[in-house]
Amino acid sequence: MGFKYSPAGKWLGFVTAIWVQAISGNNYTFSNYSDALKSLMSLTQLELNNLSVAKDVGKAFGILAGLGSDRLSPPVLLLIGSVMGFVGYGVQWLVISGHIHPLPYWAMCVFLCMGGNSTTWMNTAVLVTCMRNFRKTRGPVTGMLKGFVGLSTAIFTDLCSTLFSDDPATFVLMLAVVPFAVCLTAILFLREIPPSSTSKEDKQEVKFFGIFNVVAVVIALYLLAFDVSGPHGRILSQAFATILLILLAFPLCVPVYLMLQSSIRSKDSTLSSTENNASEPLLVQENQPEAEKKPDTTVAEVVVEEEIEKRQPVIGEEHTIMEALKTIDFWIMFFSFLCGVGTGLAVINNMGQMGLALGYADVSMFVSLTSIWGFFGRILSGSVSEYFIKKAGTPRPLWNAASQILMFVGYILMAMALPGSLYVGSIVVGVCYGVRLAITVPTASELFGLKYYGLIYNILILNLPLGSFLFSGLLAGFLYDSQATPTAGGGNTCIGAHCYRLVFIVMAITCVIGFGLDVLLTFRTKSVYSKIYASKKGRKSVTLS
């Protein structure tokens, strides 16, 4: 077995997966350069919002990544995603930097769509591979990976503000170049490797995930401290960027430790080769009773297996994509997901204009807050939901229901436009949006299996462009333009709390609908999580005995 397929190779692949996720949240950074596009192309708010919808429509083509995940290796998926992003954001940089004249509106939509589609290839490669490599810890794995997607917006925003003084053109250039370089690195190490098979490996995974969680939280707090500490000088900003890059590289300690440990063991095994040869017959004797352990299959068992293959699988078993689409549970999860991520995307895509409407000249703070608190929502919900499954068999969708109620409160606060409500609202929306993503991803694998997970995941992700179109493109765009006044350049603007008040009220009502759907799914999947709880409890008792 080569290094890439060893335990050290598996964890090195996971580290590179974290790096890929840390740069694949570029879809959430539109607010950082949307105002530059609006003024450069003389767009109305509806036209600008439709550009953001085009970016999210790229995720609709994620179905291609889902289909490819069953036929193409993770390195090929990463290569496709990195090239798509390089071209999509590269052309946007040429326009914003003034190297070329603004392209026709439809052409800009195409390149924004390419940039949005790039992340579906990256996310599919990373999520499908890591979920299969760490089958027994899906919650923490998903929370960790999706957490770094949340942090990626803050990472890009803060690095750009510290090194390039918030220049929109340089920011978009980073979105083109950095993901391309990181994906080329991940191509070398991300592979599908057999999951842990012993209790010792299970305990080791828990320990290492604990280390990764600590590092991730430190990075999030570090970014938060930088954002709330006010303006910084050139030297301090450069020091911040250097320390941030060191923190992002710190998870490499785990695979390096395993590599050194493996090297020491190989030396010890070489020295004791004579003893190993002497004990070899014992291993042969252990394998001899294999026939006794696996008796010949009886006719009755064959009949039962054939009947299982013919019947429609129940929730909790492996589903093909068509079998999953025929279930009520899939569509309950689909539309509840739409209520959460659709409204969340409306805030993320319009954060720039929301801040300007309420009199904030610099909106990068709100973008970073949404990103950082989105990280906490993702990483905590993944670990907490996994803990309660092991302890009490609590269905994961219950946590989605709780997030919808909290999101409802956030939208009501933002509609009231009290002093500081945009700060509170951006934090609440970030947390709840993160919870929704981190919980729904492992839930889909637990209800419908991992065999066709890549395609099922990308069908659920269709909610991102659909939600962006409904809540950001139509709802926020039309209602903003109805309140805005035309400007001399051909665009429009709106200042005041009334600009988005009705938008927030409609989205709050949507959250109530999402809450009802999540509660319904919680009751419908209770038996599945009871079985998962019994399985984990039984495995633990066997290990202890």
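Mentor: Welcome! A patch is built from residues with over 30% relative accessible area and no salt bridge, where like charges are joined within 9 Å and nonpolar side chains (Val, Leu, Ile, Met, Phe, Trp, Tyr) within 5 Å. This is a predicted model, in which local features need pLDDT of at least 70 and side-chain atom pairs count only at pLDDT 80 or more, while totals for chains, interfaces and linings use all residues. Residues are numbered from 1 along each chain as its sequence is written, and side-chain values use heavy atoms, with hydrogens and water left out.

Trainee: What area does the nonpolar surface patch have?

Mentor: Look for Ile405, Phe408, Val409, Ile412, Met416, Leu418, Val512 and Phe515, which make the patch. The elements that give two or more residues to it are H19 and H23. Accessible areas come from the Shrake-Rupley method with a 1.4 Å probe, and for residues only the protein chains shown count as cover.

Trainee: Which element gives the most to the nonpolar patch?

Mentor: Helices (H or I, at least four residues) and strands (E, at least two) are DSSP runs, numbered from the N terminus. With five residues, the element that gives the most is H19.

Trainee: Is Met416 buried, partly exposed or exposed?

Mentor: Buried means under 20% relative accessible area, exposed over 50%, and partly exposed in between (1.4 Å probe, protein chains only). At 46% relative accessibility, Met416 counts as partly exposed.

Trainee: How many salt bridges does a search of the whole structure find?

Mentor: Side chains of opposite charge can pair when their charged atoms come close. A salt bridge needs a side-chain nitrogen of Lys or Arg within 4 Å of a carboxyl oxygen of Asp or Glu. Searching the whole structure gives a count of six.

Trainee: How far apart in sequence are the parts that Glu205 and Lys10 tie together?

Mentor: These two residues form a salt bridge, with their closest N and O atoms 3.5 Å apart. Glu205 lies in helix H9 (residues 199–228) and Lys10 in helix H1 (residues 7–22), so the separation of the parts they tie together is 195 residues. Both ends are tucked away: Glu205 is buried at a relative accessible area of 4%, and Lys10 is buried at 9%. The separation you asked for is 195 residues.

Trainee: How many aromatic pairs does the structure hold, and is the one between Tyr222 and Phe240 stacked, tilted or edge-to-face?

Mentor: Rings of Phe, Tyr and Trp (its six-membered ring) pair if their centres lie within 6.5 Å; planes under 30 degrees apart count as stacked, over 60 as edge-to-face and the rest as tilted. The structure holds 29 aromatic pairs. Tyr222 and Phe240 are 5.1 Å centre to centre with 20 degrees between the planes, which makes their pair stacked.
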